[in-house]
Amino acid sequence: GLTVTALVVPKALGYAGIAGVPIVYGLYAAAAGAILYAFFGTSRQISTGPSSALAAVAASAILVAGLSSVDYRVALVAAITLLTGILFLLVALFKMGWIAQFLSKAVITGFLFGAAIEVVIGELPKITGTSNEGANAWQKLLSWIASLPETDRATLLVGVISLVTIFGLRFVAPRVPGALVLVIGGLIASTVLGLGDRGVALVGDVPRGLPSLAIPNLQFVVANLPVIASAAIGLLLIGFSQSAGDARSFAAKHRYRVDINQESVAQGVANVGSGLVQGIPVSTSLSASSLNDTSGAKTPVASLTTGVLVILTLLLLAPLFSGLPKAVLAALIIEAVVMGMMD
């Protein structure tokens, strides 16, 4: 559980950034997903939490809805997450998991690749300390290129070092948790070198404490129902494909049975829980589950431990992330989508 937490915490910060909401909401989702899955799931090795693919779908929904206010973005993502959980529960109730068999791998691959391109373009200005604007990804890319003469050298240096570090560790030392190394290194550099005073943009306030339960405003949900519903259906199909496939894989490896309908219940409850604490969507994380497996997980207690440790992080360590340079977080996000979504 401790080993997986070291991977999950920095990744959850990045996934929240992909989804377009404050980073603390990624930790809310990580805690809710890990704890609730431990009680309702049938796989002994699965680790449930945010993922780059699910976060990209949420980000696309925000883009379609045209929301600029942080509060509205948080509310939209929470509503999508909550509806996704309800759809998972309906799939389990009516035993409709067979629907996912009709989802073409080519469609998923193409969608995720395109979403990854859009996410990367959105993160480029944070690497150079500039800005971009436009109605679509290509307009934003051209806008970013035009802004390059205004690049902030300190921010660019931080961004390049961060990219080299996290990609380099993946290829040179794949067993080393690159995301954790990058986040810790970025925090130390920010404090020791005073990067904020040198013009490097920082993440800003990250509140300590646990989230409160909140039900999305009904009027807001109705006004954005087409976007919320379409995003939730997409998340259901992608999430079900991931969770069913990964659960069967670990069960076959360790010679035990999993109940796919119960897995849908577990994913449904995890998403409902995440939505109620305004977290981002959750599903099976293959990287975290694989690490869970290789670290020796034999029961869901490992997932429960991860969830509890994320809660302790929220209670004790959350404000430390306030000093994290945005360029470091951007590098973390870029690595996550390039290596996790571009096939």
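Trainee: Why does serine 322 count as buried?

Mentor: The term buried means under 20% relative accessible area, exposed means over 50%, and partly exposed lies in between, with a 1.4 Å probe and protein chains only. Serine 322 has 18% relative accessibility, so serine 322 counts as buried. Please note that this is a predicted model, in which local features need pLDDT of at least 70, side-chain atom pairs count only at pLDDT 80 or more, and totals for chains, interfaces and linings use all residues. Residues are numbered from 1 along each chain as its sequence is written, and side-chain values use heavy atoms, with hydrogens and water left out.

Trainee: Where is serine 322 found, and which residues does serine 322 touch?

Mentor: Serine 322 is in the loop between helix H13 (301-316) and helix H14 (326-341). Helices are DSSP runs of H or I with at least four residues, strands are runs of E with at least two, and both are numbered from the N terminus. Contact means heavy atoms within 4.5 Å. Not counting residues up to four places away in sequence, serine 322 touches Leu202, Val203, Gly204, Asp205 and Val206.

Trainee: What makes serine 283 buried?

Mentor: The relative accessible area of serine 283 is 0%, so serine 283 is buried. The residue belongs to strand E2 (residues 283-284). Residues up to four places away in sequence aside, serine 283 touches Ser47, Thr48, Gly49, Leu54, Gly239, Gln242 and Gln267.

Trainee: Why is methionine 341 called buried?

Mentor: Methionine 341 has a relative accessible area of 4%, and is therefore buried. This residue is found in helix H14. Among the contacts of methionine 341, leaving aside neighbours within four places in sequence, are Ser52, Leu112, Phe113 and Ala336.

Trainee: How many aromatic pairs does the structure hold?

Mentor: There are 2 aromatic pairs in the structure. The rings of tyrosine 25 and tyrosine 28 have centres 5.3 Å apart and planes at 85°, so this pair is edge-to-face. Rings of Phe, Tyr and Trp (its six-membered ring) pair if their centres lie within 6.5 Å; planes under 30 degrees apart count as stacked, over 60 as edge-to-face and the rest as tilted.

Trainee: Why are tyrosine 25 and tyrosine 28 separated by about one helical turn?

Mentor: They are 3 residues apart in helix H2 (residues 24-40), so about one helical turn separates them. Tyrosine 25 has 17% relative accessibility and therefore counts as buried. Tyrosine 28 is buried as well, with a relative accessible area of 9%.

Trainee: What is the arrangement of the aromatic pair formed by tyrosine 72 and phenylalanine 220?

Mentor: Tyrosine 72 and phenylalanine 220 are stacked, with 5.7 Å from centre to centre and 10° between the planes. The pair links distant parts of the chain: tyrosine 72 is in helix H4 (residues 70-93) and phenylalanine 220 in helix H9 (residues 218-223), 148 residues apart.

Trainee: Is tyrosine 72 buried, exposed or partly exposed?

Mentor: Tyrosine 72 has a relative accessible area of 49%, so tyrosine 72 is partly exposed. Phenylalanine 220, at 12% relative accessibility, counts as buried.

Trainee: Why does lysine 95 count as exposed?

Mentor: Lysine 95 has 58% relative accessibility and therefore counts as exposed. The residue lies in the loop between H4 and helix H5 (105-128). Lysine 95 has a positive phi of about 50° although it is not a glycine.

Trainee: What makes arginine 255 exposed?

Mentor: The relative accessible area of arginine 255 is 80%, so arginine 255 is exposed. Arginine 255 occupies the loop between helix H10 (225-254) and helix H11 (260-276), and has a positive phi of about 60° although it is not a glycine.

Trainee: How do you know that the chain agrees with a compact globule?

Mentor: With 343 residues, a compact globule would have a radius of gyration near 20 Å, and the chain has 19 Å, which agrees. That radius is taken over C-alpha atoms, and the globule rule is 2.2 Å times the number of residues to the power 0.38.
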